[in-house]
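Hi everyone, thanks for making time. I'd like to walk you through one structure today, so please have a look at it with me.

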Amino acid sequence: MAGDRRLTVAYGRFGILRDMKLVLAVIQDADATALVRVLSENAFEVTKLASTGGFLREGNTTLMIGVDDDRLDELKRHVQRTCRTRTRLVAPSVPMGEQNEGLVGDPVEVPVGGAVMFVMGVQEFVKV
């Protein structure tokens, strides 16, 4: 039938609504391609969003991942194996003195990267 729109609600075996989580994973841009590939290869559905924030105010990637409760630990393992922590040299912007003597110029090494994951319960999942 032309124009027929199907509505799919996430039901598991026996017609019971599946227990699902929505995971928001904030990761470094450098890890995004590899993680999306790994998750896709392992049958996770991923939506990629560009985002900015954190200490360095740099671009990062936020992934929205819907996952059944029984696969949440597997998802966490993939993220942990793929997203690594790195260090970067950052020039601090703290004034040296009260009389505008300039800024401290020695770079400081700071850790960046890894992943921050927010796991939220899903009341209903509908795919149109």
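Predicted model: local features only at pLDDT ≥ 70, side-chain atom pairs only at ≥ 80, totals over all residues.

The chain has 128 residues, and 23% of them count as buried. Its secondary structure comes to two helices and eight strands. Reading from the N terminus, the order is β-β-α-β-β-α-β-β-β-β. Among contacts with a separation of 6 or more, 67% are between residues 24 or more positions apart. The accessible surface is about 9200 Å², with 52% of that belonging to carbon and sulfur atoms.

Now to the inside. Which residues have the most contacts inside the largest nonpolar core? They are Ile27, Leu35, Leu39, Leu63, Ile65 and Leu75, in a core of 14 residues. Strand S2 (20-28), helix H1, strand S4 (58-68) and helix H2 (72-82) each give two or more residues to this core. Take Ile65: leaving out residues up to four places away in sequence, its contacts include Leu39, Phe44, Val46 and Leu75, and also Lys21.

Let's stay with H1 for a moment. Helix H1 covers residues 29-41, and its 13 residues should span 18 Å at 1.5 Å a residue; the end C-alpha atoms are 19 Å apart, which agrees. Its buried residues are Asp31, Ala32, Leu35, Val38 and Leu39. Just after the helix, Ala43 takes a positive phi of about 65°.

On to the charges. Side chains of opposite charge can pair when their charged atoms come close. How many salt bridges does a search of the whole structure find? It finds three.

Lys21 pairs with Asp69, with the closest N and O atoms 3.7 Å apart. This pair links distant parts of the chain, as Lys21 sits in strand S2 and Asp69 in the loop between S4 and H2, 48 residues apart. Lys21 is partly exposed at 24% relative accessibility, and Asp69 is partly exposed at 33%.

Arg37 is partly exposed at 44%, while Glu41 counts as exposed at 58%.

Arg71 and Glu74 form another salt bridge, at 3.1 Å, N to O.

Last stop, the surface. Val116, Phe118 and Met120 make a nonpolar patch of about 260 Å². Phe118 lies in strand S7 (residues 115-121), and its 45% relative accessibility makes it partly exposed.

Conventions: Residues numbered from 1 in each chain as written. Heavy atoms only, no water. Helix = DSSP H or I, 4+ residues; strand = E, 2+ residues; numbered from the N terminus. Expected span 1.5 Å × (residues − 1). Buried < 20%, exposed > 50% of the residue type's maximum accessible area, 1.4 Å probe, protein only. Patch = residues over 30% accessible without salt bridge, like charges linked within 9 Å, V, L, I, M, F, W, Y side chains within 5 Å. Areas by Shrake-Rupley, 256 points an atom, 1.4 Å probe, with all protein chains shown as cover. Salt bridge = Lys/Arg side-chain N within 4 Å of Asp/Glu carboxyl O. Contact = heavy atoms within 4.5 Å. Core = buried A, V, L, I, M, F, W, Y, C linked by side-chain atoms within 4.5 Å.
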